[in-house]
Amino acid sequence: MAEKRVGRNTVIFAECPSFVATATTVGKKEGEGPLAKYFDQVIQDPLYGESTWEKAESKILLESVQKVLQKSNYTFDQIHFMFSGDLLNQITASNFAAREIPVPFYGLFGACSTFTEGLALGGMAVDGGFAQRVLVGASSHYQTAERQYRYPTELGVQKPPTAQRTVTAAGVVILERGGSGPFLTAATIGRVIDMGINDPMDMGSAMAPAAVHTIVQHFQDTGRNPDYYDVIVTGDLASVGKNLAEDLLKKEGYDVTDRYTDCGVLIYKPDVDTQAGGSGCGCSAAVFCSYFFPLLREGKYRRILLVSTGALMSPTTYQQGETIPAIAHAVAVEMDYPKGEG
Amino acid sequence: MGKLTREQEVYKRWANARKPKPPLVRNTIAAFLVGGLICTIGQIILNFFLSLGMNLKEAGGPTAAVMIFLGALLTGLGVYDRIGKFAGAGSVVPITGFANSIVAPALEFKREGYVMGVGARMFNIAGPVLVYGMATAWLVGLFYWLVHK
């Protein structure tokens with residue numbers, strides 16, 4: 001059997017799964033941001049014709065799934081697994097959307113790291129020969145997350161500049177064996193890191209060390225340098241966490257300044273509501289699916305390292321004074337099929 | 001809460017030193033202006049009740065009721081949270097903020113039903129204020145009674 005592991009945390013795909021198509025649905029605020037023109041669908045009302053926000057979140061995920069099937073000309077029968085997750089208790093947004101999706105289903109929780117967690121697992125299922133084709137998705141919704149993690153949305157509170165806004169978005173992709181690219185070539189699975197930050201209004205600082213740990217591990221495991229990638233993208237560190245991550249990487253001897261960005265920074269124009277930037281499972285999912293995927297297809301970028309980052313706290317844990325553990329998973333997406341041993 | 005390790009403490013100090021600080025001067029001025037405006041509106045309403053021939057003690061109750069109504073109305077219209085984002089404590093501290101803290105969860109949890117939703121969650125935010133406010137009032141009252149007995 002070909003060795004598909006390198007180093008401590010990384011898998012290198014042998015039969016690299018190919019990205020077939022992506023689809024995104026986002027909320028109004030995201031649809032007014034700098035990436036507005038890239039999304040497939042923008043919903044104007046957070047309820048999106050439903051009676052609750054939770055139903056609306058399931059609906060944007062479901063519609064994104066339907067959209068990606070339509071774009072790729074596949075039917076549910078041709079999808080062997082679906083991997084999806086969200087931020088709600090018992091990941092109900094995904095589970096309830098999956099009621100309408102007749103595909104064997106894995107529900108994932110990795111907080112906002114869910115998208116790359118799903119890509120890594122989906123990639124392994126495809127490369128391992130357990131599936132010809134898989135769906136990977138993630139969603140989040142500003143109002144559902146806000147009421148679960150923080151305050152009622154109509155409460156008049158002032159957010160600190162380190163706070164982030166949960167993105168209303170769903171992003172889904174189809175991965176398959178033997179397509180024409182871009183390809184999922186490697187995945188570095190992060191470990192849970194807790195550096196003692198306990199302020200839920202400052203998740204960027206809590207997650208930055210986890211992102212840095214995974215990125216450094218990826219370079220060490222693969223023997224690659226930052227130059228290998230055209231762009232390194234973290235999930236939702238937002239402006240505060242991004243600055244910290246950049247400096248932490250420099251301390252580790254990796255200067256990524258000229259090729260590093262963050263989905264949470266890209267998705268919004270900064271204002272009083274968004275503060276440091278976006279967060280949520282849908283953040284890296286929607287930004288990758290809508291913005292980076294086409295850039296790879298068009299050849300503007302040939303190699304991307306996407307590192308979705310998750311803060312693994314709950315309202316119960318922070319009320320009990322616990323610090324915030326965080327996790328990050330990295331996936332390498334490349335336009336060229338890797339040569340060599342494979 | 002477990003004690004932080006040395007490495008965690010070093011990181012926390014480093015990260016905290018680098019994070020952006022809230023714009024205190026701007027926030028203070030906004031809170032002063034908006035808080036002052038809300039109190040001025042309260043004074044106008046109080047003066048109105050006084051002009052109807054009530055004395056100061058009698059006019060206090062209806063004035064508070066009107067302010068609570070206004071806070072609740074603006075919350076229902078989706079305006080009070082925007083005022084709050086701008087004014088911070090300036091719109092939290094007056095009685096209109098108290099109304100906001102009760103109406104906001106009540107509105108939001110209506111979907112979980114009138115008993116376990118509205119009924120149970122209404123005092124999510126205001127509950128602690130009531131508990132400790134009443135406890136403090138009781139303690140001060142007891143102290144006053146002991147001193148003046």
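Q: How do you know which residues and features are counted here?
A: This is a predicted model, in which local features need pLDDT of at least 70 and side-chain atom pairs count only at pLDDT 80 or more, while totals for chains, interfaces and linings use all residues. Residues are numbered from 1 along each chain as its sequence is written, chains are lettered from A and ligands numbered from 1 in the order in which they are written, and side-chain values use heavy atoms, with hydrogens and water left out.

Q: What makes a residue part of the contact between chain A and chain B?
A: Contact means heavy atoms within 4.5 Å. By that rule 35 residues from chain A and 35 residues from chain B take part.

Q: What is meant by the area buried between chain A and chain B?
A: Buried area is the accessible area (1.4 Å probe) that two parts lose on being put together, summed over both. Here the value is about 3000 Å², and carbon and sulfur atoms give 58% of this area. A:Arg147, A:Glu154 and A:Gln158 supply 22% of what chain A buries against chain B, more than any other three residues.

Q: Why is the meeting of B:Lys85 and A:Asp273 called a salt bridge?
A: The term requires a side-chain nitrogen of Lys or Arg within 4 Å of a carboxyl oxygen of Asp or Glu. The side chains of B:Lys85 and A:Asp273 have N to O at 2.7 Å, so the pair qualifies. Between chain A and chain B the count is 6 salt bridges.

Q: Which helices of chain A supply at least two residues each to the side that touches chain B?
A: They are helix H6 (203-222) and helix H7 (238-251) of chain A, where a helix is a DSSP run of H or I with at least four residues, and a strand a run of E with at least two, numbered from the N terminus. H7(A) gives the largest share of that side, 6 residues.

Q: What makes a space a pocket or a cavity?
A: On a 1 Å grid over the protein atoms alone, a cavity is a set of points where a 1.4 Å probe fits but cannot get out, whereas a pocket is an open set with protein on both sides within 12 Å along at least five of seven lines; lining residues have an atom within 4 Å of a point. Points are joined across faces, edges and corners, and a volume is the space filled by probe spheres set on them. The largest pocket holds about 650 Å³, and among its 24 lining residues the closest to its centre are A:Pro46, A:Tyr142, A:Gln143, A:Arg165 and B:Arg82.

Q: How many cavities of 30 Å³ or more are there?
A: The count is 2. The largest cavity has about 100 Å³, and its lining includes A:Leu87, A:Cys112 and A:Tyr149. The second largest cavity has about 40 Å³, with A:Thr162, A:Pro200 and A:Met201 among its lining residues.
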